[in-house]
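Subject: Handover of a structure and its findings

Dear colleague,

Please find the structure below, together with its sequence. My findings follow it, and I would be grateful if you would read them with the model open.

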Amino acid sequence: MNPTVVMMLALAVGTYAFRLVGPVLHGRVEIPPRAQELLSAGAIVLLAALLATGALTEGGGFAGWARPAGVLVGGVLAWRRAPFVAVVLGAAGTAAVLRAVGVA
C-alpha cells in the first residue's frame, strides 16, 4: 500500500477517535474546576496568539500598518456587538482605505 494512503488512513482513524472520545467519556470523567479554568484561559491565549501572528506578520516580517488597523477596527466593532457583516466590511474597508492612501 502507498505510504501516503497509509498516513491518510491513520489520520482519519485518529480524527474519528478524537471525535468519539467526547461522547463516550461524557459524564464518566470529572475535570476539576481549576483545570477547567486553566483550559479556558489557555484557549483564549492561543486565540490571541493566532490573532497577533495573523494580523502582524506576513512572510516572516511585519505586515505593515494597514492590516493591524483593520483587525483593530474589526475587533472594536465585534466588541461593540456590531453585525458580522459590519465587522467584516469595517475591517476590510479600513485596511483597503489605508492601503489606497499609501499606508503599507
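How are H3 and H4 oriented to each other: roughly parallel or roughly antiparallel? Before the answer, please note that this is a predicted model, in which local features need pLDDT of at least 70 and side-chain atom pairs count only at pLDDT 80 or more, while totals for chains, interfaces and linings use all residues. Residues are numbered from 1 along each chain as its sequence is written, and side-chain values use heavy atoms, with hydrogens and water left out.

**H3 and H4**

Two packed helices are described by the angle between their axes and the distance between the axes. Helix H3 covers residues 66–79 and helix H4 covers residues 84–100; they pack at an angle of about 155°, and their axes are 8 Å apart. Helices here are DSSP runs of H or I with at least four residues, numbered from the N terminus. Axes are lines fitted to C-alpha atoms over the stretch in contact, and angles run from 0 to 180 degrees between N-to-C directions. H3 and H4 are therefore roughly antiparallel to each other. Angles over 145 degrees count as roughly antiparallel, under 35 as roughly parallel, 65 to 115 as roughly perpendicular, and the rest as oblique.

H3 passes H4 in a right-handed crossing, a term used if the near helix is turned clockwise from the far one by less than a right angle. On the H3 side, the contact (heavy atoms within 4.5 Å) is made by Ala66, Arg67, Ala69, Gly70, Val73, Gly74, Leu77 and Ala78. On the H4 side, Ala86, Val87, Gly90, Ala91, Thr94, Ala95, Leu98 and Arg99 take part. The residues of this contact of H3 with H4 divide into 10 nonpolar, four polar and two charged. In this scheme Ala, Val, Leu, Ile, Met, Phe, Trp, Tyr, Cys and Pro are nonpolar, Asp, Glu, Lys and Arg are charged, and the others, Gly among them, are polar.

**H2 and H3**

H2 and H3 pack at an angle of about 140°, with 8 Å between their axes. That makes H2 oblique to H3. Leu51, Gly54, Ala55 and Leu56 of H2 meet Arg67, Pro68 and Val71 of H3 in this contact. Its residues comprise five nonpolar, one polar and one charged.

**H3 itself**

The 14 residues of H3 should span 20 Å at 1.5 Å a residue, and its end C-alpha atoms are 20 Å apart, which agrees. The expected span is 1.5 Å times one less than the number of residues. Which residues of H3 are buried? They are Ala66, Pro68, Gly70 and Gly74, where buried means under 20% relative accessible area, exposed over 50%, and partly exposed in between (1.4 Å probe, protein chains only). These buried residues pack against helix H2 (33–56) and H4.

After H3 comes Arg81, which lies in the loop between H3 and H4. Phi of Arg81 is near 65°, a positive value in a residue other than glycine. Arg81 is exposed, with a relative accessible area of 76%.

H1 has 23 residues and reaches 32 Å from its first C-alpha to its last, close to the 33 Å expected. Gly27 follows H1, and its phi is positive, near 85°.

Ala12 lies in helix H1 (residues 3–25) and is partly exposed, at 44% relative accessible area. From Gly14 to Ala104 the C-alpha distance is 43 Å, for residues 90 apart in sequence.

In H2, Ile44 is exposed, with a relative accessible area of 59%.

How values were computed:
Helix = DSSP H or I, 4+ residues; strand = E, 2+ residues; numbered from the N terminus.
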